[in-house]
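Here is a short note to read beside the model. Keep the structure open and check each point as you go.

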Amino acid sequence: MKALEGKAALVTGAGRGIGRVSALAFAAAGASVVAVDIDEGSAKETAALVHGAGGDATYFRADLTRATDVAGMVAYAVSAYGRLDCAHNNAGILGASAVFHEYDDDEWAKVVAVNQTGVYLAMKHEIAAFLANRTAGAIVNTASYSALVAVPFACAYVASKHAVVGMTKAAAIEYGRKGIRVNAVCPGTVRTEMTVQRIDGNPKMEEAILGVTPMRRLAEPEEVAAAAVWLCSDAASFVNGHALSVDGGAVAQ
Ligand code: NAD
């Protein structure tokens, strides 16, 4: 029996990077998956990749910053598979790089809208669906290494990712008695488009990242996806309100 056999899952930011690999991993673990992204074409492509790998998936376009889109996303997931058991709220953006006192206000609002409000809205509607269907659901939010310690020149990202861990804990203590578990993964630097854009042609940046990573390498998206699958599975049945570092030991030093 696979870890998520018979479960229905949704994964946000599933059009590429960690989210795409997570959608594949949830499906490989036996779940039927709704791949959600603001970029419909890439979400569709992810669903096709899942099918190609012998899994079950569909896709949905949603801008996680819009409450109506998020409500539609959860309603779609429930109608597609008759239930919702797991959600990996993973969509996020890095935002511009600038010192705190020069950070652009519009950029701040954009980053907070996706990383914080987007996760808040998704959790709200997912939990409502769990309660309506009496499902002992599991949520895993993608936070970051930057949710536990600060990194420079990214105040909006750091603040919004700290908020993700805060919201994870807030929901975990409110719904634990209903059997609903809410956890977060805190990846170090992962080899995805988001990172490659920063590192490419900037060897100093890569050196700096490796310098704070005891395992002296980037994470692969598969390593983050595996943690998300585990947190949603019954193997983690008493893990609730936890922020799990997947960072090669970075936050330990
Ligand atoms: P990515 O940029 O490769 O992919 C993010 C996906 O989210 C894209 O497909 C994008 O279209 C989608 N998205 C962005 N805004 C959206 C919105 N408003 N509504 C719906 N979808 C939206 O990023 P990634 O590297 O795969 O990162 C995924 C998550 O992991 C993010 O939350 C990121 O902050 C977090 N994270 C990444 C790293 C890293 O090093 N890559 C490290 C720690 C945490």
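Which residue has a backbone N or O atom 3.4 Å from a nitrogen atom of the ligand?

1. Ala62 does: one of its backbone N or O atoms lies at that distance, 3.4 Å, from a ligand nitrogen. In Asn90, a backbone N or O atom is 2.8 Å from a ligand oxygen. The ligand taken alone exposes 830 Å², and the protein buries 93% of that. Areas here come from the Shrake-Rupley method with a 1.4 Å probe.

2. A word on the basis. This is a predicted model: local features need pLDDT of at least 70, side-chain atom pairs count only at pLDDT 80 or more, and totals for chains, interfaces and linings use all residues. Residues are numbered from 1 along each chain as its sequence is written, and side-chain values use heavy atoms, with hydrogens and water left out.

3. Now the shell. The ligand is surrounded by 28 residues, each with a heavy atom within 4 Å of it. The closest are Arg16, Asp37, Tyr157, Val190 and Thr192. By type, the shell holds 12 nonpolar, 11 polar and 5 charged residues. Helix α6 gives the largest share, 3 residues.

4. Look at Thr192. It sits in the loop between β6 (181-187) and α6. Thr192 counts as buried because its relative accessibility is 10%; buried means under 20%, exposed over 50%, and partly exposed in between (1.4 Å probe, protein chains only). Not counting residues up to four places away in sequence, Thr192 touches Gly17, Ile18 and Pro221; a contact means heavy atoms within 4.5 Å.

5. Next, salt bridges. The whole structure has 7. Each needs a side-chain nitrogen of Lys or Arg within 4 Å of a carboxyl oxygen of Asp or Glu. Lys110 and Glu107 form one, at 3.5 Å, N to O. They are 3 residues apart in helix α4, so about one helical turn separates them. Lys110 is partly exposed at 47%, whereas Glu107 is buried at 15%.

6. Compare Glu220 and Arg191. Their side chains meet in a salt bridge at 3.3 Å, N to O. Glu220 lies in the loop between α7 (203-211) and α8 (221-232), and Arg191 in the loop between β6 and α6, so the pair ties together parts that are 29 residues apart in sequence. Glu220 is partly exposed at 31%, and Arg191 is partly exposed at 41%.

Note on methods. A polar contact is a pair of N or O atoms within 3.5 Å; within protein, one must be able to donate a hydrogen and the other to accept it, and residues adjacent in sequence count only if both atoms are side-chain atoms. Helices (H or I, at least four residues) and strands (E, at least two) are DSSP runs, numbered from the N terminus. Ala, Val, Leu, Ile, Met, Phe, Trp, Tyr, Cys and Pro count as nonpolar, Asp, Glu, Lys and Arg as charged, and the others, Gly among them, as polar.
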